[in-house]
Amino acid sequence: MEVLTDIAAVRAFVGPRRRAGERVGFVPTMGFLHDGHLSLMRAARSEAGAGVVIASIFVNPTQFGPNEDFTRYPRDEAGDLAKCRDAGCDAVFLPPVSVMYPEGHRTTIHVDALTGPLCGASRPGHFDGVCTVVAKLFGIVGCDVALFGEKDYQQLAVLRQMTRDLDLPVEVVGHPIVREPDGLAMSSRNVYLSADERAQALTLSRGLAAARAAWATGERHARVLEAAALAVVRTAPLADVDYIEVRDARDLGPVDTAARDVVLALAVRFGRTRLIDNTVLRV
Ligand code: AMP
């Protein structure tokens, strides 16, 4: 497995393989890898048909707000590289910040509408940072297909929109949420949780399950589905709810009564740790 830190090296690695007709799969990450990330790397080959798989590990400063966890975001370069190798990556791009944002970098990509609600409302500028770095990574890697987790449901929707709007020649593929055996969605940020917070964080997946159960009995009122999830999350004394919202699964528009697929998305803080999770409710 090649470890690449500059743009020319990535192009020298990918270019000849692409010209030889190989399908290039790409998995962007911020590192501190877990099974959610690794499932994307494996799926790049097994499901998305990539002959060459390249991952990136870059904690992107532009997607963090001034009071967010950029400086303390967990990192484990040696461990991550070993995991990428095990997951079958052919190369990993590990750029320093100066390679991604050299002096004089002036461009930001903003996707309208989809970035307004949910995490866009509580993390101003977050998706601009995500879009900018992903567009740059697409340009650097020259991938045919890129895989993203449905754990970050809004991010996936925003990146699909960006890729379409900018006519980027990349197929964007979503992958299901990978969970711990007890239901907690895997996240690099779970490492921040104290034992109490970790135990109470189970109310997130259980709240989503309660709403799913209501949906299964025919409940279609968005406010009722949200209340079903909220009631469970509220049983956790340490939970500080940012949002629990039903939105249109495609355009994330507001929903009153669900007539087509919706997503129930939530963000909840435990101390300084903000966790997100979601479930898609299909008609
Ligand atoms: P991150 O390192 O948090 O930026 O995540 C990198 C990629 O892994 C994104 O596409 C995430 O949606 C995806 N991802 C993170 N956690 C999970 C998970 N639990 N299940 C599936 N995909 C995930």
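In this predicted model, 21 residues of domain 1 are in contact with 18 residues of domain 2. The chain is divided such that domain 1 spans 2-175 and domain 2 spans 188-278. Their C-alpha centres lie 26 Å apart.

The size of an interface is often given as the accessible area lost when the parts come together. Between domain 1 and domain 2, the buried area is about 1800 Å², and carbon and sulfur atoms give 56% of this area. On the side of domain 1, Arg-72, Leu-118 and Tyr-153 supply 37% of the area buried against domain 2, more than any other three residues.

The ligand is surrounded by 16 residues, the closest being His-37, Gly-149, Asp-152, Val-178 and Met-186. By class, the shell around the ligand comprises eight nonpolar, six polar and two charged residues. The following table lists polar contacts to the ligand.

| Protein atom | Ligand atom | Distance |
|---|---|---|
| Met-30, backbone N or O | oxygen | 2.9 Å |
| His-37, polar side-chain atom | oxygen | 2.8 Å |
| Met-186, backbone N or O | nitrogen | 2.9 Å |

On its own, the ligand has 480 Å² of accessible area, of which the protein covers 93%. Two or more residues of the shell come from each of the elements β2 (24-29), α2 (35-46) and β5 (145-149). With three residues, α2 gives the most to the shell around the ligand.

How values were computed. Residues numbered from 1 in each chain as written. Predicted model: local features only at pLDDT ≥ 70, side-chain atom pairs only at ≥ 80, totals over all residues. Heavy atoms only, no water. Near = heavy atom within 4 Å. Polar contact = N/O pair within 3.5 Å; in protein donor to acceptor, adjacent residues only side chain to side chain. Areas by Shrake-Rupley, 256 points an atom, 1.4 Å probe, with all protein chains shown as cover. Helix = DSSP H or I, 4+ residues; strand = E, 2+ residues; numbered from the N terminus. Nonpolar A, V, L, I, M, F, W, Y, C, P; charged D, E, K, R; others polar. Domains from an automatic or database assignment. Contact = heavy atoms within 4.5 Å. Buried area = accessible area lost by both parts, 1.4 Å probe.
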